[in-house]
Amino acid sequence: MNRIDPQKEARVWERVKGAQMESSSPEAGIQNLLANEWASASAYLQIARQMSSREAAILQRLAREEQTHAACLKGIFALITGERPAVQAVPPPREAPALALRRCYGAEMRSLKEYESRSQDPEYGPVFARLAEQEREHCRTVLELLGSLHQNP
């Protein structure tokens, strides 16, 4: 029986989730983005528990920023629908920090792409543009953290 490479499998599922996010209604798209922001915040907090105090502080900051993104998306959803979103984030898998950060980078890139695509929205475009800027910075920070994991002492 062939063994499936877990990293390859994870990349395939991430692409599937990304395709689902793009093909849904605007409201469902907001809910998907919201779930992704909560999942990212949870992942950053989980990784922070495995890192030194300096890296943990950076990851906790990223988690707080992802939570503010979620709050913005909840506000947009409420204005569009008049309802509260019904979204539950899936807890992140327990894995080594380097692998978890790689997943986070992919999630940040997908969110960045989605926010950039919505930045011309006549009503919420400036908010999406700002969220895209912050996601771009998150990508840089995640890469910096990944790079610091592989430095020789």
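Contact means heavy atoms within 4.5 Å. The legends below use that term throughout.

This is a predicted model, in which local features need pLDDT of at least 70 and side-chain atom pairs count only at pLDDT 80 or more, while totals for chains, interfaces and linings use all residues. Residues are numbered from 1 along each chain as its sequence is written, and side-chain values use heavy atoms, with hydrogens and water left out.

**View 1**
The protein chain has 5 helices and 0 strands. Helices (H or I, at least four residues) and strands (E, at least two) are DSSP runs, numbered from the N terminus. Read from the N terminus, the order is α-α-α-α-α. The chain holds 153 residues, and 37% of them are buried. Buried means under 20% relative accessible area, exposed means over 50%, and partly exposed lies in between (1.4 Å probe, protein chains only). The chain exposes about 9300 Å², with 54% supplied by carbon and sulfur atoms. These areas come from the Shrake-Rupley method with a 1.4 Å probe; for residues, only the protein chains shown count as cover. Among contacts between residues at least 6 apart in sequence, 74% join residues at least 24 apart.

**View 2. Helix α3 against helix α5.**
Helix α3 covers residues 53-81 and helix α5 covers residues 125-149. Their axes come within 11 Å and cross at roughly 160 degrees. Axes are lines fitted to C-alpha atoms, for helices over the stretch in contact, and angles run from 0 to 180 degrees between N-to-C directions. α3 and α5 are therefore roughly antiparallel. Angles over 145 degrees count as roughly antiparallel, under 35 as roughly parallel, 65 to 115 as roughly perpendicular and the rest as oblique. α3 passes α5 in a left-handed crossing. A crossing is left-handed if the near helix is turned anticlockwise from the far one by less than a right angle, and right-handed if clockwise. From α3, the contact includes Ile58, Leu62 and His69. From α5, the contact includes Phe128, Leu131 and His138. By class, this contact has 10 nonpolar, 5 polar and 7 charged residues. Ala, Val, Leu, Ile, Met, Phe, Trp, Tyr, Cys and Pro count as nonpolar, Asp, Glu, Lys and Arg as charged, and the others, Gly among them, as polar.

**View 3. Glu55 on helix α3.**
Glu55 lies in helix α3. Glu55 counts as buried, at 14% relative accessibility. Leaving aside residues up to four places away in sequence, Glu55 touches Leu145 and Ser148. Both of these partners belong to the α5 side of the contact between α3 and α5.

**View 4. Helix α4 against helix α5.**
Helix α4 spans residues 97-118. The axes of α4 and α5 come within 8 Å and cross at roughly 160 degrees. That makes α4 roughly antiparallel to α5. The crossing of α4 and α5 is left-handed. Their contact has 16 nonpolar, 3 polar and 6 charged residues.

**View 5. Leu146 on helix α5.**
Leu146 is found in helix α5. Its relative accessible area is 12%, so Leu146 is buried. Beyond residues up to four places away in sequence, Leu146 touches Ala98, Leu101 and Arg102. Leu146 and Arg102 are 44 residues apart along the chain, yet their C-alpha atoms are separated by 7.7 Å.

**View 6. Gly125 on helix α5.**
Gly125 has its place in helix α5. Gly125 is buried, with a relative accessible area of 0%. Gly125 touches Arg118, Ser119 and Gln120, not counting residues up to four places away in sequence. Tyr115 is 10 residues from Gly125 in sequence and 8.7 Å away in space, C-alpha to C-alpha.
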